[in-house]
Structures are given as C-alpha cells and as structure tokens.
Amino acid sequence: MVVGNAESMKSDLLSSLSIRWIKLKTKQQEVLIRVSILCLVYILAFISRLFSVLRYESMIHEFDPYFNYRTTLFLTQKGFYEFWNWFDSESWYPLGRIIGGTLYPGLMVTAALLYWSLRFLRFAVHIREVCVLTAPFFASNTTLVAYFFGKEIWDSGAGLVAAALIAICPGYISRSVAGSYDNEGVAIFALLLTFYLFVRAVNTGSLAWALASAFGYFYMVSAWGGYVFIINLIPLYVLVLLLTGRYSMRLYVAYNSMYVLGMLLAMQIRFVGFQHVQSGEHMAAMGVFFLMQVFYLLDWVKHLLSDTKLFQAFLRVTVTCAVGVGVIALGVGTASGYISPWTGRFYSLLDPTYAKDHIPIIASVSEHQPTAWSSFMFDFHILLFLFPAGLYFCFKRLSDATIFIVMYGLTSMYFAGVMVRLILVATPAVCLISAIAVSATIKNLTYLLRTKRKVSQTGSTEGINGAKASSKALLDRSQPFQKNSAIALLFGAFYLLSKYATHCNWVTSEAYSSPSIVLAARGAHGDRVIFDDYREAYFWLRQNTPQDAKVMSWWDYGYQITAMGNRTVIVDNNTWNNTHIATVGRAMSSYEDEAYEIMRSLDVDYVLVVFGGVTGYSSDDINKFLWMVRIGGGVFPVIKEPHYLVNGEYRVDKGASPKMLNCLMYKLSYYRFGELMTEYGKPPGYDRARGVEIGNKDVKLEYLEEAFTTSNWIVRIYKVKPPNNRW
Amino acid sequence: MRGKAELFLIFISVLPFLSLSFSAESPKERRVLVLLDDLAIKSSHSLFFDSLKSRRFLLHFRLADDPEISLRRYGQHLYDALILFCPSVQRFGGSIDVAAIADFVDSGHDLIIAADNNASDFIREIATECGVDFDEDPVAMVIDHTSYAVSDTEGDHTLLASDNIIESDVILGSKKIEAPVLFKGIGHSLNPSNNLVVKVLSASPSAYSANPKSKLANPPTITGSAISLVSIVQARNNARVLITGSLIMFSNRFFRSGVQKAGNSTKHERSGNEQFFTELGKWVFHERGHLKAVNIRHHKVGVTDEPAMYRISDDLEYSVEIYEWSGTSEPYVADDVQVQFYMMSPYVLKTLSTNQKGLYSTAFKVPDVYGVFQFKVEYHRLGYTTLSLSKQIPVRPYRHNEYERFIPAAYPYYGAALSMMAGFFIFTAVHLHNK
C-alpha cells in the first residue's frame, strides 16, 4: 500500500508536472491566439472603415463633421485657451455663438492631441488626415474595450467574439467610417469604456476601478451629449440591484466614488457646468446617490440593533422620511426653477410622439425619426436573432455584470426604436449580448465534441476506474447523435457568422461610405458620375464674395458654408436659437417682398438654396420646405402650413397652391428652370426629383438676382440687391 | 544703362503733367451733356448756361435726336451730369434710352429734367423712374387764379408767380429769394411711395392742373399744394435730380422779367428765377450740401489702436470726421449727429459732440450683450447728402480668466472646503493613531 501510494504519488507528481508543462504551453498558445485574434480584429476594424477614402478621397463627410473640423483646425492653430474662449462671429449672425461654451470639446482635443503627438514624432501629417482617421482609430480601440468587457461579464471567448462582432457591425460603422469626424466616433468608445470600468468596479469593489470609470465618464461627457444615457442607466442599474437585494459594499464603493468624482469632473465641461446638479435629466443619479446613503445607514443600524422589531420600526420611519424629503426637495427645486425641467430632446426620447407635436425642429431631422424595422435588420443582421438568445444565457447565469449588460441592452434597444441614430448606442450592447450567445453556444457544442473524444481516448488507453468509465459510457450512448447535430449546428453557426461578415462588408462599402457632400450616381452606361456641386458652390463663395458677406440658407448647410466657404451664416446646424431659424424659415416661405424686408433686417447678402430638380437629388430644399414652413409657423403664426398644400397634398406642379408657387423658396429653386430641358421626351421644366412638370415656369425675381448656379444646378446662389436707388 | 536713362528722362518730362493732373487746387472740369430739342434754346437760355460755365462746367450741347450721342463708352460714363432740355423728344438718337438714363443716375451722376406742356412720353417715363408723375393730360397746364403773375394778357393765369419755396439754406443758399419765381408749364405730383423726392417749389392751394383753353369738364386730377412745380430727388447713392414741368423757367426772358404777383402791390424788378436756379444748380451739381465722412475710428478708452473685437462692458470711444464740400472742404458743424451701437436694434444711441472742426466723438460702454454689432451713423438731413456709415464689430463675452478670481460672497464656501480638508486630515491622523 505504502509503496503503491508512494508510486502513485510519484506518478501523480510526474504527470502533474508534465501536465503543468503542457498546460502552460497551451495557455501560452491560447494567449498567443487570443492576442493575434485581437490584433487582427483591431486591424480589421480600422481597414473596413477606409472604403470611403478609397471610393472618394480623404475628406470630411456630412454636416456636423465640418464644424468639428473647423474647430479642430482652430484649436491646433490658436491653442487651447483661445479655443476655450472662442466667440465665433461668423455663425448665427448677428447673435454670434460662444463656441467654447457650447460644444463638447472631447473630439477636437483628442484629434489635436493625436495631431500634436504625430507632429512630435516627426510625422508631417495634415490635420485633416488626422480628423478623417480619428473615428476608425477609435473604432479599433472600441474592439479592445469590447473584448475586455465581454471577458468581464462572461469569459474571454465571449470577449473575442464581441470584439469581432463590433468591429464590423454596420450599426457602428455607419457613424465611424473614415471622414465621419463626429462626436459619436469617440463617444462610443468612451461609453463602452465607462461601462466596462464601472462593471469592473462593481465586480471588484475596488476604488481604483471606480475612479477609472469616473475618468471614463469624464471623457464621455467631454465628447458627446449622449452621456446623459450613462448618468441615467447606471443609477437605474444600481436601483435594480438594490431592489433585487444585491446591495453590497462593492456596489457602494463603485457607485459613490464614480458618481461624486464623475460629477465634479463633468462640471468642468463648460457646456455641462451646473446642469449636472440642476437639470432634471441628472436628478435620478443624485436621488440614487442619496438612497445609497440611506441604505448604508440602515445596514449599519441593523448591524447595531439586534432587535428585529425595533429595526422594522426604524426602517419604516427612515424610509418614509427619506422618500418624503426627496420628494419635497424635488418639488421645491422644480417649482422654484432651481431644477430645470427635462429638455424637449429628453421628452422626445421617452415619448416618441412628443417632438412631432411640440418641437418641429427636432422632428425635422431625418436621423431623429423612429426607426424602421428594415434598418434594424440592415444594421444588426443576425445579431437581431442572437440578441434574445444572449439574453437567455445572461438570465441563466445572473450576476451583477450580466444584469448590467441586460439592462444596457434592453434600454438602448428601446431608444434605438425611438430614434434612428440611437441604434449606434444599442450596437455595443447588442454585440456583447450576441457574443455571449455565440460564444456560449459554440462552447457547449465544442465541449460535446471534445468530451466524447477524451472519454474514448481514456477508455482505450487506461480502462481502469470502472465506475466512472461506466457512467461515461452511459452518456456516450446518446452521443453519436449529439455529436452529429453538434457538428451540424457548428456549421450552421459558421454559415451565419460568415453571412454576417459578408453582409457587413457589403453594407459598409455600399451604404455607409458615402460622404454625402460629394454625390455619386450611375450614368446611362453604368459608369460612375460624381456630382461635386456642393464644394463647387462653397469655393465660389470663398473666392467671389466679400469677406464679410452674410449668406442665408436653410440651417443644414450652415456648418459647411462657414467651414468651406468661410462666410458668415445666419443659422447653422447648432440649432440653439429656434426663433432665428424660424425667421429664416419665414423668409423662405414668404413672398419675395416680405422676404426682402426680413433679409434686409438680417443684412443678408447672398441666399443659397439646394435644388435637385435637374439631377433628381431628392434631399433638396423643396423637399425640406414643409419643415421650414412648420418651424417658421411655430414662431410666426402668419405662416400657415395649409397655405402651401392643396387638399393636404404637397405639390409643385400646376395644381400647387398660389402661395407655394410664389414663395421665395419656390422662386429661387425654379428660377429659369422652366427653360431647361432635363429629360428627353419630357417638357421643359420637368423636375426629376419630384417627377412633375413645375407649375410656375416664368419666375421673375425683383429683389434678388442669380449670382451662381453650379454645373448640375444642385446649389444655387442668389445675391440680394441693394434697395432701389431712386425710391 | 541707356534704357534706364531714357526712362528717367521720359519720367522727368511727364512729371509736370502728372502732378498737374492730380492737383487738388484745380479740379478737373466737370463735363455736362445738354440735350436740346432745338439749338435756339442754347441762346434763349444762355444766362443759365453761362452761370454753369462760370463755375467751371464744360457744357456739351447736342440735339436730342443726334445719332452720335451716347452716355457711356467702353464701360465709362462720358459725362458727370446730364441736362435734358428736350421736352418733346420722342426718342433719343444714339444709344440713350430710359434705362441708360436710369443707369446714369444709378451710377452716381446728376440729372436735370425740364418738361413742358406736350412733354413726350419719353420724358414722362424718365420722370416716373425718379418718382415724379407729370399730369397725364398732355394739354394740361397749371392754372392758378389767385397767385398768378400780372402780365399783359389779361385772363392768362397760367403764368404763376410762386413763392412757396422750400426753406432750406442747403438747397437754395443762405440768401433769401425775395421775388416770386415765375412758372409756366405742367405740374407734377410726387409718388407717395417714394420718400426721396422733395418739393422745392410748390403751387399755392388754389392751383389746379387743367387745359387752360377749354372749359373744365371733369375735376382736375391734381390740385392745390399737391402740385409740385419744381422737385428734387436725392438718390440713395447721392445722385441728384432736378425735375420741373417748365422749360421756359430757365429762359433769359423769365430770368430778366419783372414780376408782380396778383393782388400784391409790390413789383419786383427781377423775378426770382435766376437766383433760384443758380442756387438750385449749385445744389444739384454737388457744389453744396455734400457731406463727406472720413477717419471713422473707434477704440477702447486709453488705447489708440482699433481692436478687432470688443468685450462686453468695455468702455470705448467713437469718432468720425465730417466735412462739407462747398468748393472747398469745410468742417461740418451740427449738434444732431447720432451714432447707434446696433444689433438688429440699437442698443446704444448717442449724440456725437463736435469740436467745431469737423471731429465728432463720443464715448460709451459696450452693453452687456454679445454678438455682432455695428457702429451706425444714419444722418439724413434735408439737402445734405445722406451719411450712412456702418462698421461691423463683434462683441465677445468675458474670457474664462477675466472674471474675478476671489469674490467675497464665496468666502463661506472656501472656508467650508478648507475646514473640511483640515477636519479630514485630523480625523485620519487620530483614527490611524488610535488603531
């Protein structure tokens, strides 16, 4: 026995040693594989976002990025303090805009830091290249965060899958292709980082992680207004944990330090400032903070009091008092105006119909529309089916971390349904939860395959340990069937995932890589036709108008005119002053003489309209015109929407209403259009965007004159004449 | 070397001409195109023309239907002013039409229009362009049965002696016109939507415009003091236009004739016409009442440089020099020049104080509103050219480091923070020590 014991011990030692060696090796192998997968995913995330650069050129896309680019340029040229105190007299004439105090500087500072460090390393890059590539770079970083997050809530396998899924997920790519230099580009990274660090802090109860998450939150606040989501989701999560009896010291440390420090840091951003303690959107976090303290007090008292009855009484009194004090404080604060009520944007998130009835300016933006089912399918593809499966796995293995990801997933999915652009916020959650589903499923399946092989191996070589072997053999009997189905399921999973990859690739290259400032269309022979009219018009403005000329256009084009045309605009995409926008809307929807008065009072020198009647470009000003009428009419009741409609129908042909046919926007869009033959076999003045022959072909302008029309008529610029000399 | 020397010689020889041509002492003679129906007018109205010539105007007389005439060549206007003494012209020769004349005025040149009864549609059209409507009845004349001039032909009340002259030293000189002004011709009314046109000589309340040869069938279209006899327009670009319905007013016969107003015993040796038109001519041709603003300056108090931007609550000084041209530049003295600090509406409105030497200045505090402001001087005075000066200047809010660093109201909070820190330190020390 003894000898046998010793021998067995020796062999055990040997085997364990050799196993440890092998194990170490497999672990190394695993690390190697994991790191190389991560590296590949990192690179993949970057390069799949470069389609736009390949297809077009290295340029800034869309509208808001032009403002970001302009401010970044200013930051790199004039330095941080000038940027911080920048009062821009070129936009919102004559009100001006305090840019330093009305933007989230995170993006610009990030890009400027990247630029400066590249300069320091002697890379002679242009700031535009840095701006173009900022979003892909941060998308790559997001994959890393997704890996660590997945590892934190499930395991490293789920982390890897999450990183791979998020790297190419169209919902994220739509806002992070090269050139899409917008806040969301870095904000999604910051959002996920904050959540990861917070979950990590809750899991470990470590002060350091909580502080790290506070800094992550600070970065998020500095980068995007979407930080409100964090500051409401985390308290909601904490509240759920409290209610489900998962209160712990870890949670207490994580939340309190994160909230207090995060709040102090967030208040350093000028645009947020005291809103963080005063506005209604942030009150939930403060309420939960105080609730935490009450909880802690109760815990302590419970610890002191041995008598449960006494404690019950104490509990009742304390909870009543706390809730009462909270309600009174909220009521007094709201009534006295110290706590500002929720903003319209916040309301419209909770109630999707709110904006349509009350704030036309929010409802007019296409990315604020409720999401269509097709775009869910388009942006998530198989993740849409994997998401519920992942939720199932999460519920099966509930922990603090999985509760968090479930809550994040469910709330963000709701918001994604409310607004198209919030699909972006839901994407990381969907990817993570789907990754759990994929990873757990595949792991189970491969486990089935591998255990069978192991058992058969041990059975053939050793054949001892009778009881165990027999029990496994019992299991084995059902396994051939299981094995086959597992293989089939694995192939199915592989097929689905590869479908996902091809879909993402296709969506990225076809749908999300268009800069929208340069339009592409297929010509008659299938060749690609490029319409570069926007830049043509902006450069015309830059070259041919006086330095201090004021340009009136609908607000969509404001940022581009200031950034590319370098001219003062009346309104721009920062829609902070509804009245000013309504004034422009009123001018556009008035008769020419009334509009002239408005334009004189605003010192307007040029009017710019976007017109798609020649090229068939549908997002032009005529199609946006009803929003101008609505926004103008919201402030100036003389403008009435029914005047522009015929039987509730919006039309520009002969059946259009007389007011429509003679308002400024119509005249400027269709000036001299009646002479133009746009399509073979159609009468002159055939509008290709609306597919009708226009109703007023003989447009005469009295107070304006045509100054410039681009080669494809997409942008038309008119000069406002000075008042009549002899009258 | 030789090339250089030659160049130098040429330069030396040209130098006197160059310097002469830019001399301020002898301004260039101003060219005036006079279009006539009939060259006889040249002699019959010679007194008026002579007064212009004596003031260094170079008159070019042309028949209105001369096919050679044109107002501009190679994009340049050939004349500084235009006198239309051609009431019956149907169409001009050459390239002149209504649009050309309107363009002439719109590019800052002066114009005198004299119509007559039977004035052509062409002349009426030009007058309409300037905001004046002649009586549409082609045979109508202004008739006044109370303030006519006593003449030999009894019962002819179309020769008016009007003394309803506008009271303005700028337009008509400081010397008062004693004698009434003789008028015989068609009346006009001012377009009410035009606020640039001013009546200089208007008819009396008893006047009316009708055909003097026939009985009055319908009520006259324009009556009383709505009838203007002589009107002036100062366009927005300060081009000046004189319009009258009587060519004969300018004639030597009217200039020289005596006048006695009906019902008035005083008989004047000479009518007021000569003085009236000489003075009015000076005004129309910018020899008087022409203001010029130079050296518009603004700066912070205590700093001489003009900033690119002001801050709210800055103290600033604004100054402008205004001169009046009347042969020579003289300081313009008035106490009603105002400056606005304007952003959609005036935030500051201040009367500028003058040092009597043409310098107007004021000082004020920038309002507590940021935005793009304008310094606006809108000076509209009868007879004077319009001064419409605007200068854009942005006003920014405080920078982050321009606020006071320590304010007394915050001392309790500083105290609270410091005492908290001290308390925490002591607490930690005690807590750790006692362990």
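A salt bridge, for this tour, is a side-chain nitrogen of Lys or Arg within 4 Å of a carboxyl oxygen of Asp or Glu. To see one, select Lys700(A) and Asp698(A): their side chains meet in a salt bridge, 2.9 Å from N to O. Both residues are exposed, meaning over 50% relative accessible area, while buried means under 20% and partly exposed is in between (1.4 Å probe, protein chains only).

Before you click on, know that this is a predicted model, where local features need pLDDT of at least 70, side-chain atom pairs count only at pLDDT 80 or more, and totals for chains, interfaces and linings use all residues. Residues are numbered from 1 along each chain as its sequence is written, chains are lettered from A and ligands numbered from 1 in the order in which they are written, and side-chain values use heavy atoms, with hydrogens and water left out.

**Stop 1: more salt bridges**

Now pick Glu679(A) and Arg688(A), whose side chains form a salt bridge at 3.0 Å, N to O. Glu679(A) counts as partly exposed at 29% relative accessibility, and Arg688(A) is partly exposed too, with 37%.

Hop over to chain B and select Arg311(B) with Asp314(B). This is a salt bridge with its closest N and O atoms 3.8 Å apart. Is Asp314(B) buried or exposed? At 7% relative accessibility, Asp314(B) counts as buried.

Next, highlight Arg175(A), Asp182(A), Glu184(A), Glu367(A) and Arg421(A) together: salt bridges that share partners join them into one network. Over all chains, the structure holds 46 salt bridges.

**Stop 2: a strand tucked inside**

Select residues 715–720 of chain A, which make up strand β11. Helices (H or I, at least four residues) and strands (E, at least two) are DSSP runs, numbered from the N terminus. Why call β11(A) largely enclosed by the rest of the structure? Because five of its six residues are buried.

Two strands pair if DSSP finds at least two bridges between them. Strand β7 (residues 606–610) of chain A is joined to β11(A) by five bridges, and they run antiparallel; Val610(A) has Val715(A) as its bridge partner. Strand β10 (residues 704–709) of chain A is also joined to β11(A) by five bridges, again antiparallel. Look there for Phe708(A), standing opposite Ile717(A). β10(A) and β11(A) form a hairpin with five residues between them, and Trp713(A) in the turn has a positive phi of about 65 degrees.

**Stop 3**

Colour chain A by domain: domain 1 is 25–147 + 173–181, and domain 2 is 531–720. Those bounds come from an automatic or database domain assignment. The domain centres, taken over C-alpha atoms, are 33 Å apart. Contact here means heavy atoms within 4.5 Å, and 18 residues of domain 1 are in contact with 25 residues of domain 2.

The two domains bury about 1800 Å² between them, 59% of it on carbon and sulfur atoms. (Buried area is the accessible area, with a 1.4 Å probe, that two parts lose on being put together, summed over both.) Select Phe63(A), Trp92(A) and Tyr93(A): these supply 44% of the area that domain 1 buries against domain 2, more than any other three residues.

How many salt bridges does the rule find across this interface? It finds one. Zoom in on Arg535(A) and Glu57(A), which form a salt bridge with the closest N and O atoms 2.8 Å apart.

**Stop 4: chain B meets chain A**

Show both chains. The contact takes 29 residues from chain B and 20 residues from chain A, and the two chains bury about 2200 Å² between them, 55% of it on carbon and sulfur atoms. Three salt bridges are counted between these chains. Find Arg399(B) and Glu82(A), whose side chains meet in a salt bridge at 3.1 Å, N to O. The largest share of the chain B side, four residues, comes from β27(B).

**Last stop: the sheet around β27(B)**

In chain B, five strands form an open sheet in the order β19-β27-β26-β22-β23, with mixed pairing. Its edge strands are β19 (310–311) and β23 (345–351), each pairing on one side only. Two bridges join β19(B) to β27(B), which run parallel. Finish by selecting Tyr310(B), whose bridge partner in β27(B) is Val395(B).
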